[in-house]
Amino acid sequence: MSQILNTIPSPPWWAWIFLFLFLVAIWDIFIQKKHTIKHNFPVVGHLRYWLESIGPEMRQYFVANNREELPFNRIERGWIYASAKKENNYEGFGSDRDLYAHQHIFVKNRMMGFVVPEGHPNAIDPYFLPCAKVMGQHNNRRKPFRPSSIVNVSAMSFGSLSAAAVEAMNKGVKKAGAYHNTGEGGLSPYHKHGGDIVFHFGTGYFGVRTPDGNFSMEKMKKLVEDNPSIKAIEIKLSQGAKPGKGGVLPGAKITPELAEIRGVEVGKDVLSPATHKAFSNVTELVAFIEEIAEVTGLPVGIKGAIGKLDQWEELADLMLETGKGPDFITVDGGEGGTGAAPPSFADHVSLPWVYGFSSLYRVFLNRKLTDRIVFIGSGKLGFPAKAAMAFAMGVDCINVAREAMMSIGCIQAQACHNNTCPTGIATQSKWLQKGINIPLKSDRLAQYFSTFRKEFLEITHAAGYEHPSQFTMDDVQVNVDDNDLNKSLASTYGYNKAKVPFTSVQDLKDCSYLGGKN
Ligand SMILES: Cc1cc2nc3c(=O)[nH]c(=O)nc-3n(C[C@H](O)[C@H](O)[C@H](O)COP(=O)(O)O)c2cc1C
């Protein structure tokens, strides 16, 4: 038998390829029923799907120009990568931006800038840039908090980010003296590496929830008592990428570790409703804030994306009437990022940051309430010139999410929602996150924050100021349209921010509430 078989010539190598393609064609025409293109163009039809799947990478690497991509273009990403690696982050030959483009901003430099005197904190440490306001001071909270960095890590939960990414960020904020906002997924062991923490929760009350999904004050109290690194608490009302959108955490994704951290059951779907159960109107929200602040002693703030103003006005009126209210307000822009959101929400619901923040700030300015609140901005503000604009408009601190991700290696693959993030940052795949070198990446986040603060201080000094809190709306101009070519922020947005009671950077350094000392 074997002799007979040996007489049959073995087919040439190309015959195997031919046979394989023939089988694919049979599959395409007679078996698969989903794709018309594959049926009508067997074999070659596959090319269309493959090319479509690698299209974003091809465009990013070969086609898109330096300023073309969104959310962050190549120049912006390159600046963050170089800053995080302490490499040369300059550009040569002059700006490649169209300086006359609509919405382009200009910071007005002074004839002679601010001179840092000898012995000044910034002469000793050019990266030292704390917040000019203290969270919780006005409301006499027992543990007020002055963030020791004006740039901080924005809400991103363990669950949407990998354990390795969260740990790298926490170690990074510790090195940079910044704070780390937990995001909605609760306080994980990866958040406990010494960085200041802002504990954030949304409608799912993860980490502070009762078995039936309500808020648990006892758990909140215990969490704060057990974790002195928690310096403030943020209640999420909404976020720019998906305001008013609830969500389901599928049971399949709930591992024992995640269940433990979030306070939910293993393997069982968990619903984050669109609205809170702990309060249903503005009066109840203020009572809720006061109760948490009373029980924990910490400053309590709220985070929201801005659309309609009526309830914000109600809040401001109530603050005026009662002398109570949030210690800080984080305003997220509609351009904000997310682990996952429907495009209709991400693209269209809530105002972009400049419109949202300017409308909201005016509500509090008109009632002379701004000195009671630390304003925090988030929404692609992680660049020094954008930060100058935001400070001129009234923010006291900036939160960065995707910029922080990029500083630890995110390549904007935009795969956060499907667990396949190639850099291991926004995935739960153990294999993918193994590639993250935590000590190195934490250095990079710290270096990005340091470079950011140094460049921001240099811009501030060029404008003649000692601290960015001194920026006013007249210090920054914005291209508005063809008839009215270039106007100050003040005349564009119709207000000027209230003066922040800043004395000196030395006083900020000497403040007993200054964070970053865990
Ligand atoms: C992966 C990821 C997860 C996020 N998770 C939360 C969250 O849990 N809660 C929240 O309020 N915002 C969340 N955000 C929004 C960010 O905190 C931030 O407000 C927004 O991305 C704008 O900042 P950026 O432009 O610097 O990214 C998330 C963003 C990203 C990219």
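**Figure 1. Arg59 in helix α4.** Arg59 has its place in helix α4. This is a predicted model. His200 is 141 residues from Arg59 in sequence, and the C-alpha atoms of Arg59 and His200 are 37 Å apart in space.

**Figure 2. The two domains of the chain.** Domain 1 (24–63) and domain 2 (105–510) are the parts into which the chain is divided. Between the C-alpha centres of domain 1 and domain 2 there is a separation of 42 Å.

**Figure 3. The cis peptide bond at Pro71.** The peptide bond that runs from Leu70 to Pro71 is cis, and its omega is near 0°. Pro71 belongs to the loop between α4 (45–63) and α5 (74–84).

**Figure 4. Lys86, with a positive phi.** Lys86 is a residue other than glycine, yet its phi is positive, near 55°. The loop that holds Lys86 runs between α5 and β1 (105–107). The relative accessible area of Lys86 is 57%, so the residue is exposed; the cut-off for exposed is over 50%.

**Figure 5. Gln412, with a positive phi.** Gln412 also has a positive phi, near 60°, and is a residue other than glycine. Its position is in the loop between α15 and α16 (430–434). Gln412 counts as buried because its relative accessibility is 7%, and buried means under 20%.

**Figure 6. The shell around the ligand.** The ligand has 23 residues around it, and those that come nearest are Ala155, Gly337, Lys380, Arg402 and Glu403. Sorted by class, the shell holds five nonpolar, eleven polar and seven charged residues. Helix α15 (residues 402–407) gives the largest share of the shell, three residues.

Figure 7. At Arg402, a polar side-chain atom lies 2.7 Å from an oxygen atom of the ligand. Ser154 places a polar side-chain atom 2.8 Å from an oxygen atom of the ligand. For Gln239, the ligand atom is a nitrogen, and a polar side-chain atom of Gln239 lies 3.3 Å from it. On its own the ligand has 610 Å² of accessible area, of which the protein covers 98%.

**Figure 8. Cysteines without a disulfide.** Zero disulfides are found in a search of the whole structure. Cys416 is in no disulfide, and the nearest cysteine sulfur to it belongs to Cys421, 6.4 Å away. With 8% relative accessibility, Cys421 counts as buried.

**Figure 9. Pro468 and Leu129.** Pro468 sits in the loop between α17 (438–462) and β12 (476–479). The relative accessibility of Pro468 is 0%, so the residue counts as buried. In sequence, Pro468 and Leu129 are 339 residues apart, while in space their C-alpha atoms are 8.8 Å apart.

**Figure 10. Leu432 and Tyr127.** Helix α16 contains Leu432. Leu432 has a relative accessibility of 25% and so counts as partly exposed. Leu432 and Tyr127 are 305 residues apart along the chain, and 33 Å separates their C-alpha atoms.

**Figure 11. Val173 and Gly194.** Val173 is part of helix α7 (residues 163–176). Because its relative accessible area is 0%, Val173 is buried. Gly194 is 21 residues from Val173 in sequence, and the C-alpha atoms of Val173 and Gly194 are 8.5 Å apart in space.

Note on methods
Residues are numbered from 1 along each chain as its sequence is written. This is a predicted model: local features need pLDDT of at least 70, side-chain atom pairs count only at pLDDT 80 or more; totals for chains, interfaces and linings use all residues. Side-chain values use heavy atoms; hydrogens and water are left out. A residue is near a molecule or strand if one of its heavy atoms lies within 4 Å of it. A polar contact is a pair of N or O atoms within 3.5 Å; within protein, one must be able to donate a hydrogen and the other to accept it, and residues adjacent in sequence count only if both atoms are side-chain atoms. Accessible areas come from the Shrake-Rupley method with a 1.4 Å probe; for residues, only the protein chains shown count as cover. Helices (H or I, at least four residues) and strands (E, at least two) are DSSP runs, numbered from the N terminus. Ala, Val, Leu, Ile, Met, Phe, Trp, Tyr, Cys and Pro count as nonpolar, Asp, Glu, Lys and Arg as charged, and the others, Gly among them, as polar. A disulfide is a pair of cysteine sulfur atoms within 2.5 Å. Buried means under 20% relative accessible area, exposed over 50%, partly exposed in between (1.4 Å probe, protein chains only). Domain bounds come from an automatic or database domain assignment.
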